[in-house]
Amino acid sequence: MKKLLISVVLLTAAVLAKAEDVRPPNISFDQLLKEITSVELPQAPEPALEKSALPAADGRYWVTVKAADKYVRTRLLEAGMDIVEINKDSVSGFAGPYTMDQLSSKFFSVLSKVPAAQYIARFNKDFPAQDAAYHNFKETTDLLNQMASKHSDIASLFSIGKTVEGRDIWCLRINSNARGTTPSAKPGALYIGNHHAREHLSNEVPLLLAAWLLDHRNDADVKKYIATLDIYIIPMLNPDGAEFDIKTGSYQYYRKNMAVNADKSRGVDLNRNYDSWWCQAGASSYPGSDTYCGPRAFSEPESQAVKRFIEARKNLKTHISYHSYASEILYPWGGSEEDVPNVQDKQVFIKVAAEMGKLTRYEPIKSSDMYVATGDSCDWAYAAAGIFAFTFELEGRGFYPGAAVLTNAVTNNIKAAVYLLSVTDNPYKVI
Ligand SMILES: [Zn+2]
């Protein structure tokens, strides 16, 4: 217990020290990469599993349930299970009290369960200490501001809206002759991270992509893209959730936004809240569950902001939404087992996903081949606006893969993101 108290004090000190960090102005991509590469990775101590040492119990369990195919996986999502890992004959993930009730029916077979607090304690890494290289909301905001002011001739920063808790959802725009929200006729590419709170790696990739593009603005190909395209990067769509996930110094495995639901439970799953077969397969209408679709499509300020953003920009052609973790590149549909009906579009999706798969070593697959999940942002972006939209499930074993994965994930994903820029002028040229 004493040992624990000491580590709590040390961790608190680390948090405070981090908050006072002053980053050098106009930090460059190379500096950032050096920072994330040079982070030392202390061996995580074997956590004590005494009851008193566990984070506050929230009634959730970490469960493994028999699931031989995507149909069972889809049913499990509908029962509110937060599927985290997919194995050959089973899936593992989080289940709250409502979901545990559903799982006890004869349709499901629970192979194992441990209280979520116990599971979390086993893998607990502290964001400010081992994972100091990751950027919280303030650090992300500061960096974006620095990039926009250092490269003010081609970069501008604006908010696409506010979150439930009133934080700004920042968007960095890179365009040689249009700033802020001024319309542009150039073909557009959009990169969004962090729909899901605990998927912190999905913030790092687009954030560092922005830094890389600006630092490499004079490379021949990048120069051409900046001159001819309209590039938007929104690294942190769900800053409320991301901050909640780290604010105690212990990861909370929190997925949703911070909406207060009618039954006083917290959060809507933002990637079940878009108007694409909203709240049908693979989503839950029970507010307490991790896959809660919300009271109606686009009920949340964060998904509304994306809707407004996309609807106002008819020039958008390509899009990546970053998530973690599975090392997969997913293309529509996610909410239906069908292929997209337009044969040419389907070929473009398959070809572009395959090329990006080579650069990242991720597996390209149709989203619903993993499981059917409705209300997904990329399905909506394609259906509503014809955008070639891809969901990246980034790498790492777990939601908190540590700083060690950053260099590879960032470097390879920049290649894939730049490849997407290379086809944004006319995605049909790949077929
Ligand atoms: Zn996600």
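Let's start with Ala403, which counts as buried because it has 20 C-beta neighbours inside 10 Å, and 20 is the number at which a residue is called buried. The structure you are looking at is a predicted model. Its protein chain has 431 residues, and buried ones make up 49% of them. Here is a short tour, from that one alanine out to the core and an open sheet.

**Around Ala403**
- Ala403 sits in a loop, the one between β12 (388–394) and α13 (406–424).
- Along the chain, Ala403 and Leu201 are 202 residues apart, yet their C-alpha atoms are separated by 9.2 Å.

**The chain as a whole**
- If you are counting elements, the protein chain holds 13 helices and 12 strands.
- Take the contacts between residues at least 6 apart in sequence: 77% of these join residues at least 24 apart.

**The largest nonpolar core**
- In soluble globular proteins, nonpolar side chains tend to be buried together.
- Here, the largest nonpolar core has 117 residues.
- The residues with the most contacts inside this core are Met147, Leu172, Leu209, Ala210, Ile233, Ile234 and Phe390.
- Helix α7 (residues 201–215) is the element that gives the most to this core, contributing 10 residues.
- For a closer look, pick Ile233: leaving aside residues up to four places away in sequence, Ile233 touches Cys171, Leu172, Tyr191, Pro206, Leu209 and Ala210.

**The four-stranded open sheet**
- Four strands form an open sheet in the order β2-β3-β1-β4, and their pairing is antiparallel.
- The edges of the sheet are β2 (82–86) and β4 (110–115); each has a single partner strand, so one side of each is left without a neighbour in the sheet.
- From one strand to the next, the twist averages 20°.
- Strand β3 (residues 90–95) is paired with β2 in the antiparallel sense, over four bridges.
- If you want to find this pairing at residue level, look at Glu85, whose bridge partner in β3 is Ser92.

Terms used. Residues are numbered from 1 along each chain as its sequence is written. This is a predicted model: local features need pLDDT of at least 70, side-chain atom pairs count only at pLDDT 80 or more; totals for chains, interfaces and linings use all residues. A nonpolar core is a set of buried Ala, Val, Leu, Ile, Met, Phe, Trp, Tyr and Cys residues joined through C-beta atoms within 7 Å. A residue is buried if 20 or more other C-beta atoms lie within 10 Å of its own, exposed if 12 or fewer, and partly exposed in between; C-beta atoms are placed from the backbone. Helices (H or I, at least four residues) and strands (E, at least two) are DSSP runs, numbered from the N terminus. Two residues are in contact if their C-beta atoms, placed from the backbone, lie within 7 Å. Two strands pair if DSSP finds at least two bridges between them. Axes are lines fitted to C-alpha atoms, for helices over the stretch in contact, and angles run from 0 to 180 degrees between N-to-C directions.
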